[in-house]
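Hi there,

Here is the structure I promised to pass on. Please have a look at it first, and then read on for what turned up.

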Amino acid sequence: MIIDLNSAVEFLKNNNNFLILVHGHPDGDTLGCGFALREALASLGKTARVCCNDPVPEKFNYMGKADGDDFTPDKIIAVDVADTKLLGKNFEEKYGNKVDLCIDHHGSNRLYAERTLLDSSAAAACEIVLQVIDGLGVDISKLIANCIYTGLTTDTGCFRYSNVTPRTMRLAADMIEAGAENAKINTVMFETKTKTYVALERLALDGMKMYFDGQCAFITITQEMYRLSGSDETEVDAIASIPRQIEGVKVGVTMREKTDGTFKISMRSSEAVDVSEVCATMGGGGHPRAAGCTVTGDIEKATETVLSNIKKFI
Ligand code: 5GP
Ligand code: MN
């Protein structure tokens, strides 16, 4: 059931013990939502834990640490999670059919939760969580401001993408006024690169291929490339934005080999193609300019599957 902001606020007011789930391979938006909401609920004397199926990269430590999920909540909340699959395998099995409230900004949300507060015009789920926190009457602490700012900046590529609206900018300004360390956060998220990441990026660029007269740029990250660079899955997200940067590219693809032999696809596009539609043809989803899915088969077969589906759209 789709609910409105007031109903979501009432739901939080009327319960006391929450498990907040973020998506697997967590990013700044899902973690910003989770940690901001945990802080807001705690300030009202409620108990809230933030749990993730996967390890949280250290660069997010300034927002707090994830909790263990060894407790029995009254209610379960998922933030920035469009599909139970995205919770990660264990968490999907454990909690997939038990989510009481989902707060999300993906138009492709599968409405798996008992209640869903959805606004696909929000650049980040953090925009919606901030409105919920305001609705609860909680003051925006410096920590909450840092969390919400993190979601806003990471889901907009530092306020560069077409999902940015006047509201996004106004809320970011509000967060800076409330103490968000905007320059510091942007440095950590967009400037600082580990040596292992740089080594991985070099391998990725070396192997990049172009298709369809330069309209599609395709990067493949293999397990072997992680071994050679010393990098790992926690660092790979930033690569997804690279293929689209090339002039003339309508669809940028980053395909990563997972340890279970499947391939995780990250697609980015210009105005020309709605990649959430392309990914939907392969069981995935996301936003018009940033979407994803998982494909199976060996590397050649997986590449072929992705390319043949892109071809229908360009
Ligand atoms: P990323 O490429 O950064 O993993 O994801 C880009 C966007 O697409 C995110 O908003 C993410 O939630 C969404 N997305 C990625 N993979 C999937 C998927 O397999 N299914 C769905 N429904 N959405 C996905
Ligand atoms: Mn998001």
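A contact here means that heavy atoms lie within 4.5 Å. On that basis, among contacts between residues at least 6 apart in sequence, 65% join residues at least 24 apart. Please keep in mind that this is a predicted model.

First, the overall build. The protein has eleven helices and eleven strands. Its radius of gyration is 19 Å, close to the 20 Å that the globule rule gives for 314 residues, so the protein is as compact as a globular protein of that length. Along the principal axes, the C-alpha atoms fill a box of roughly 55 × 40 × 35 Å. Of the 314 residues, 51% are buried.

Next, the surface and the charges. The accessible surface is about 13900 Å², and carbon and sulfur atoms account for 49% of that. There are 33 positive and 44 negative side chains, with the centres of the two sets 2 Å apart.

Now for the metal site. Which residues coordinate the manganese ion (ligand 2)? The donors are Asp29 (OD), Asp80 (OD), His105 (NE2) and Asp155 (OD), at 2.1 to 2.4 Å. His105 sits in the loop between strand E4 (101-104) and strand E5 (115-118), while Asp155 belongs to helix H5 (residues 142-155), so this pair ties together parts that are 50 residues apart in sequence. The spacing of the donor residues along the chain reads D-x50-D-x24-H-x49-D.

Buried means under 20% relative accessible area. His105 is buried, at 0%, and Asp155 is buried too, at 17%.

Best wishes

Notes:
Residues are numbered from 1 along each chain as its sequence is written. Chains are lettered from A and ligands numbered from 1 in the order in which they are written. This is a predicted model: local features need pLDDT of at least 70, side-chain atom pairs count only at pLDDT 80 or more; totals for chains, interfaces and linings use all residues. Side-chain values use heavy atoms; hydrogens and water are left out. Helices (H or I, at least four residues) and strands (E, at least two) are DSSP runs, numbered from the N terminus. The radius of gyration is taken over C-alpha atoms; the globule rule is 2.2 Å times the number of residues to the power 0.38. Buried means under 20% relative accessible area, exposed over 50%, partly exposed in between (1.4 Å probe, protein chains only). Accessible areas come from the Shrake-Rupley method with a 1.4 Å probe; for residues, only the protein chains shown count as cover. Lys and Arg count as positive and Asp and Glu as negative; His and the chain ends are not counted. The place of a charge is taken as NZ of Lys, CZ of Arg, CG of Asp or CD of Glu. Donors are N, O and S atoms within 2.8 Å of the metal (3.2 Å for Na, K and Ca); water is not among the atoms, so sites may look incomplete.
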